[in-house]
Each structure stands twice: as C-alpha cells, then as structure tokens.
Amino acid sequence: MTSALILASASPRRRELLAQAGYHFTVQPSSVPESRRPGEEAIRFATRLAREKAEEVFARHPPSSAHAPVMVLGADTVVVCDGEVMGKPVDAADATRMLLLLSGRTHHVVTGVAVVWGLGAAEVAAELTQVTMRTLSPQEISDYVAGGEPMDKAGAYAIQGYAGRWIPRISGCYFNVVGLPLALVTSLLEGAELRMPNQLGREKDLSLR
C-alpha cells in the first residue's frame, strides 16, 4: 500500500509545481489563518505557518490500518525587504505600497515547507532566494495592480507572470519565488518517508509518474 500525499494549499502555483515534479497527490487547503505574531521574524513565521497548515490537514485523517499512511505537505511564502515581512496584500493600496517598497531594490523570498506524517512527526525547513527588481514607474505599478495579478501573491508580484519582466536577476531557487522550492520539498518528502513507521511491512512509496 502506497503513502497518500496531500497538499495543504489552495495555491494553483504550488499545485502546478508539485505536479510538474511528477508527484501524485490530492489537494486539501488548510483553514489556518496566515497571521504573523508580533516581532516574529520571517523564517520562523513561514515555517510555523507551513507546519500548522500541514498539521491541521493531517488531523482530518486519523491513522487507520484500513487506509494508506498519509503525508501532508504545507508551505508558506513571504517577502522581506528593508526589515518588513510581507505576505499577500490586503487590497490594491497595500499592493501598491509593497511594489513601491520593492522597486529598484533587492529583497528576499522565504518559503517555509513542512511535511507531517504523524502527531508531532514532521520535517520542517525553509528556502531563501535573493531577488532584484528594477525601478518601476508609478504608471507601471498602477497598471499592474489594476490588472489584479498582485492580489494573491506574497510581496504583490508573480515572477512567473507579467512581473517577470522586472526581475533582472535572482540568486537561489527560482521555484521558491514562485511558491514551492521543489528540491527542498523532495528532500523533506524523502526524509519523512524514511522516518515513517513501517506499518505491517507495507510499502511506502510516493510514486513518481
């Protein structure tokens, strides 16, 4: 019996990336609020949320000998610039503010990733990528925000979308900026699989396509 992989995210970008990497999985979005605690630094914030999301979804699947063992993948991405930790903009004005801050500067994208396979059993890590954005004109920002693309993106931009024309260089994992660092995810999934209890001698295999 193979392990069942669940993605605890409604993000179409994470779903596409995980499928692109060849994994079979189902999607069950988490209901955990993406709120940052006072003074919480970016990596701690992203990894905490990733784990909480994965744990919340895992709790919906009590272990049973009648079902395949479950692994849940959670992730959360934030952007950090000039000490400010930015998630998704709350409205158009907030998106404009974020883009004005990022314009002409180098920032960091942090994605926390967690794989949960049991109560208190988890593999958790974070990926960091440095991103440089060219200087944007007020009109460019206004048109971009009006188009709606920034509204569900950390830092109010999508490197894989229209905003890719504004990014002359990155240092680190490109997929991390999109929302899911695939090499790190693979490492965590493989580590979790090795640590899962070998229940009744059942095969544990995440089965690539």
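## Exercises on a predicted chain

The chain exposes about 9,900 Å², of which carbon and sulfur atoms supply 53% (Shrake-Rupley method, 1.4 Å probe). This is a predicted model, in which local features need pLDDT of at least 70, side-chain atom pairs count only at pLDDT 80 or more, and totals for chains, interfaces and linings use all residues. Residues are numbered from 1 along each chain as its sequence is written, and side-chain values use heavy atoms, with hydrogens and water left out.

**Exercise 1.** State how many helices and strands the chain has, and compare its radius of gyration with the globule rule.

*Solution.* Six helices and seven strands are present (DSSP runs: helices H or I, at least four residues; strands E, at least two). Their order along the sequence is β-α-β-α-β-β-α-β-β-α-β-α-α. The radius of gyration is 18 Å, close to the 17 Å from the globule rule for 209 residues, so the chain is as compact as a globular protein of that length (C-alpha atoms; 2.2 Å times the number of residues to the power 0.38).

**Exercise 2.** Describe the largest nonpolar core and the contacts of Y157.

*Solution.* Start with burial: 48% of the 209 residues are buried (under 20% relative accessible area, 1.4 Å probe, protein chains only). The largest nonpolar core holds 45 residues (buried Ala, Val, Leu, Ile, Met, Phe, Trp, Tyr and Cys joined through side-chain atoms within 4.5 Å). L18, L73 and Y157 touch the most other members. Helix α6 (residues 182-195) gives the most to this core, with six residues. Finally, leaving aside neighbours within four places in sequence, Y157 has contacts (heavy atoms within 4.5 Å) that include L99, H107, M133, Y144 and V177.

Note on methods:
Buried means under 20% relative accessible area, exposed over 50%, partly exposed in between (1.4 Å probe, protein chains only).
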